[in-house]
Each structure stands twice: as C-alpha cells, then as structure tokens.
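Good morning, colleagues. I would ask you to look at the structure on the screen while I go through some of its packing arrangements.

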Amino acid sequence: MSQEKFGFEADVSKLLDIVAHSLYSEREVFLRELISNASDACDKLRYAAITKPALIEGDPDFKITITLDKKAKTLSIADNGIGMGRKELIDNLGTIARSGTTAFLGQLSGEAAKDASLIGQFGVGFYSSFMVADKVEVLTRSAGEKKAWLWTSEGKGEFTIEEAGDDAPVRGARIIVHLNKDQKEFLEPSRIQTIVRRYSDHIGVPVILQDGDKEETLNEASALWTLPKAKVKPEQYKEFYHHVGHTFDEPWLTLHWKAEGRLEYSALLFVPSSKPFDLFEPQRRNQVRLYVARVFITDDCEGLLPAWLRFLRGVVDSEDLPLNISREMLQLNPVLAKIRSGLVKRVLGELKKKAEKAPEDYAVFWENFGSVLKEGLYEEVAHREALLELARFRSTNGEGLCSLADYVGRMKKGQEAIYTIAGEQAEQLRASPQLEGFVSRGLEVLLLTDPVDEFWAQSVSVYEGKPFKSITRGAADLDKFKTKKDKKKPDEDKADSAEIEILVAVLKLALKDAVKDVRQTKRLTESPVCLVADESDIDMHLERLLKKHNQIDSASARILEINPGHGVIKALARKAGKKNAAAQLDDAAHILLDQARIMEGEPVPDPAGFARRLSGLMEKGLA
Ligand code: ADP
Ligand code: MG
C-alpha cells in the first residue's frame, strides 16, 4: 500500500503553531473539539440515513467511544458517524475550511496572552489535538464505502494518507491521539470524565469511556433544548453555546423557549458577547442549526432566520416540518416561514427589553452587532419599526449612544428633520465643517459611521413622521434658527452682500467645471468653505464608498459653499469688486476648493498646482 505525502496549507501551519503555543494552558479543550466533531459526524449521518436507511443498517445507534491505552500512551475517540473519504481527508484536515480563518490569523500578533483570548473567540477545531500529541492518526471509512483511509501527521507542516487495513472502523472515524510525554493526565479515566462532563454533557450522542472491558456513559446525551428551562443551569447553557457556536466566549443573551399551539418548535438561541470572525463574509450565512424532531437537518438554512440576524447561534427544533424533505424544498416550506417570523419577533422583543432595562449592556451588543441588525432596515420593511426603535447612534449631543426617540425628544422648536452626517469615524465627523452651523444653533446631528447606514438611509425616509436629512447634501435651511452670536449682534461682521455676490460669480468663473455651483451658506461658522452634494446627486460619503468598491468611476461635481462671516471670505469679497479681480483671485479660488477637499479627506487632484499656488500666496503675504 502506498503512502502519499502532503503539505498543510500555509494557514494551517500557522494556526497549528499558534494553537500549540498560546492555548497550552487550556489544552484540555482538544477533547471537546474532537467530541464535537464526532457528534457532528453522527448528526450528518443520521440525516443522510433518512433517505438512505441502508447507510446505518446493522448499527443504528450512534455513539462516541473514548479508549485509553496506558501502554501505548494513546487516547482514541471513535464515532460511527459519516466518516471521510480520501478527498475529504485532504480537504477537511489539510486546509482550513472555516470561513474567516485567514482574516482571523491576520489579527494575531504573536503575543501569547492576547492571542489566546482571540483564539478563544474563534474555536480551534481538530488541530487543537496537536497541543497534546506527538502524532495524530485518523482512521476512517465513509458510511456506505468499501475503502478505508489512514491520515497521519505530527503537526509539523506535513501529513500522509494511505489506504487502511482491517483495523479501520466499519463506518465513521477513529482519531488516535499519541499523547506526548507531558500529558499522562489524559490517560486517567477520572480526568476524562471531568472534561467530558464540563464541556460535552449535552451533546445529543452518548459519550462512552471504555476502560478495559468496563464501559461507562459519561454524559447526559439529552438534547438540551428539549429540557424545560427551569431544569437547565447557566453552565449547561454556556457549554452548549460553545458546542454549537464554536466559541469560547460567554453568551451575551440566552433565549430558550418552546412555542406551542398551531406551530410547535423549541428554540435555544444565543447572542455572542463578541464578534464572530465571519460576521462580514459575503455569504452572510445564518448559522443556527435546524433540527426536525431532534434530527439535525442543516446549519445553513437560508429560510430559518434573516441574514441580518446571522450573529445568532443555537438550535431550532421543529415537530411540524417533514423529515424526509430535501434541503432545497425545505426553504420553500410555508411552515418554515412561520417559524422564522416567530423567531424574529421573539428575538427583537427580547432585544428591546434589554435596551430598555439594561442600556449599558445593550450598548455592548450594539457595538458588536448593530451594523448587522441595521441591514434589516432596508431588507425587511415588516420589521422596520421595531429595528428603528432598537437602533442606537452617536451624535453631536455627547459621547454615548442615543436612540431615535432620544433624538426626537431633543429636537428644537421648528426643526422638521433628523439631521445626519456620514463618514468613517465619529471623531473625524465631529470635526466636519458642515456641522458648524448646526452645532452653533444647538441642532443635534447623528453621526453615521457604518457603511450600511448609507443604504438604509436611502430607503427609510422617516421616523415618526420626521424625515432623515443629510447635512452634506442639498441646501441648509438654517434661517429660522439663531446662533448665540446672531442673537447678540445680528449682521455685524458679515461681508457686504453685494461684494459677496460678486465673489461668488468670480469663484464660479475661476473654478468652471470643477464645481457644480458656488453659493454662500449659514452651514459654516468657523471654516471659510466646505463642499456639499447637490440635492439631486448622491451624498458624498456614499459616493466615496462606491468609488472605493469600484461601483462607480467618476465623481459628480460638488457645490462649494462659502462662509460670508469668515475673514478670508470677507477679504476676498472686498477684492472681488475691484478691477482685475478675476486674475488675482484665480489662485485663491483653487486653494479654497482644495482646502474643502482636504477637509473631506479627499485627495487634491493637482498637488503640484496646489503647492505652487499656496507658495505664491505665502510669498505675497510675507512680503
Ligand atoms: P469544524 O468542526 O469547525 O468544521 P474542525 O477543524 O473541528 O472544524 O474539523 C474540520 C472538518 O473535518 C469538519 O468540518 C469535518 O468535515 C471533518 N471532520 C473532523 N472530524 C470528523 C469526524 N470524526 N468524522 C467526520 N468528519 C470529521
Ligand atoms: Mg470541529
């Protein structure tokens, strides 16, 4: 029998190395990971056997068996689940299939303590066995196949595969962990018992410890979600969350209920307390597992929950869905749509309670998952009201988060719109020139910093009858609101209006197509100029986003707004009426426009020209 040698994918080697070094103090989790895989393999076969009962003929009871061999210093975990063929061994144990891993690895720093907590959020899977092993063997036969295979690796960059002999399981997989010399503890039955109870008590398959001819079932093996809530302890919920969520963090929220009546299902759902790494993968996959009458069906059921709740982990078990239905047909089943609607309502209702009763705790949730939840604002009109109530924002009112109700409660007399400004970071937005005129008039502006904000803001036009209005687009209608200065000394300090009109004309002439228009504004109090989008154009931040993702290639021209109260504008206005003004003001016009671009964080299209003009003006000024 020939043996083939393979190299691990680069990411696997890196992960192996990091796991071995930084998770060492928690190395007992290797057992949890291997049991979890064995249990998944049993779930998969149980499902396949619904349509192909021959697959489990003669051995219908699923189980996981742990065997300890003190002489050989091995710990084996055998399951009679679905098993793996040659290709699956290469694909599943030679590469990292789980999405988000590469991104995750990119975040690792090499500092053990920090990395351990990152890995903790992530879950490590099969490779964790190399924390305790010199060598790991996987003997496996796919259910229904003749050939069996042996996968072997020392976890040092290579693995081998060869055809296995008769010692392979009839069906399923046996993972043989050759413990390294420091790991004698994992040969003690009592130690194994403790670990299994701690981490794997409520997986749905019995875990049996075989010690000589003694056999002992170590876990409860009852599907946790079928138990009444009062019977379940917090640690058991947590253990189960780690099992279904592939995580180590605490659940931020645990929801467990049984729907009864016309529709019967049990749901045990968790909201994580930290962001899963694959949250922003393009597939936007829902990961709650669907069971039908305790049989695992899929952990990738599109119709079960909306993509904007994809941060949820857990299990939904229905009595009303047909068992022998293809996954594709399942998506179309009307019962599924009803379950979905029940789940969404319940989850949103519980989030609302949290938001009201524990706002600080809710803020943690919002920082993690708010941007995902907001996708629902434009994807599902039916839940829009509820989602708008749950939404939280940063605003010019202070540092913390506020709700739309808070905002509306603080609106000024005569204020009709909810003002917003979009950009990448709240701190950067707080310094935007466009905000000046609003803040100085006591008008609050919401700071939108998630890319998704640009999308819902297009489709959600009002909250409680108040329209959302971007302050970087269209004219600012600020006449009815007074700044403190307006109240004290109205109209003092402004440039002569006839001169300003001329300046506007001169600037337009100088800037030509580089701007769509030039006009004076009340939007500014400190800065001389700013850019805004025309009412009929797309907003500036959205345009930058689209350009970044190559969705559009040319930007539309902006409107340059000037502040008639600013010293520079006043000085320019005085010049504008004089002879030969146009030629003299040409450089100033371009510098003003470039300055406005810089404030937007946009590149100056002609840096050399900018530098030349600026030097010229400085020279004149210093002369
Ligand atoms: P995960 O369980 O998150 O997918 P793992 O690293 O734990 O990641 O396992 C990788 C893959 O290897 C699994 O998805 C599965 O396809 C396969 N696998 C692991 N253990 C077994 C097993 N006992 N039986 C069948 N397949 C297995
Ligand atoms: Mg796993």
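Predicted model: local features only at pLDDT ≥ 70, side-chain atom pairs only at ≥ 80, totals over all residues.

I begin with helices α18 and α21, which are roughly perpendicular to each other, because their axes meet at an angle of about 75 degrees. Helix α18 covers residues 497-511 and helix α21 covers residues 581-599, and their axes lie 9 Å apart. On the α18 side the contact involves Leu 503, Val 506, Leu 507, Ala 510 and Leu 511. These meet Ala 582, Leu 585, Asp 586, Ala 589, His 590 and Leu 593 of α21. By class, the residues of this contact are nine nonpolar, one polar and one charged.

The domain assignment gives domain 1 as 4-222, domain 2 as 225-359 and domain 3 as 486-622. The centres of domain 2 and domain 3, taken over C-alpha atoms, are separated by 54 Å.

Let us turn to the open sheet. In what order do its five strands run? The order is β10-β11-β14-β12-β13, and the pairing is mixed. Strands β10 (251-259) and β13 (295-298) stand at the edges with a single partner strand each, so one side of each has no neighbour in the sheet. From one strand to the next, the twist averages 20 degrees. Strand β10 pairs with β11, residues 265-272, in the antiparallel sense over eight bridges. Within that pairing, Trp 257 has Ala 267 of β11 as its bridge partner.

Two helices lie across strands of this sheet. Helix α9 lies across β10, β11, β12 and β14, at about 135 degrees to β10. Helix α10 lies across β10 and β11, and runs at about 95 degrees to β10.

How do α9 and α10 pack against each other? Helix α9, residues 334-357, and helix α10, residues 359-373, pack at an angle of about 135 degrees, with axes 8 Å apart. The two are therefore oblique to each other, and their crossing is left-handed. The contact is formed by Leu 351, Lys 354, Ala 355, Glu 356 and Lys 357 of α9, together with Pro 359, Asp 361, Tyr 362, Phe 365 and Leu 373 of α10. Six of the contact residues are nonpolar, none is polar and four are charged.

Finally, a hairpin. Strands β8 (residues 207-211) and β9 (residues 214-217) pair in the antiparallel sense over four bridges. Leu 209 has Glu 216 of β9 as its bridge partner. Two residues lie between the strands of this hairpin, and Gly 212 takes a positive phi near 65 degrees.

Key: Residues numbered from 1 in each chain as written. Chains lettered and ligands numbered in written order. Heavy atoms only, no water. Axes fitted to C-alpha atoms, helices over the stretch in contact; angles between N-to-C directions. Parallel < 35°, antiparallel > 145°, perpendicular 65-115°, else oblique. Left-handed = near helix turned anticlockwise from the far one by under 90°. Contact = heavy atoms within 4.5 Å. Nonpolar A, V, L, I, M, F, W, Y, C, P; charged D, E, K, R; others polar. Domains from an automatic or database assignment. Pairing = 2+ DSSP bridges.
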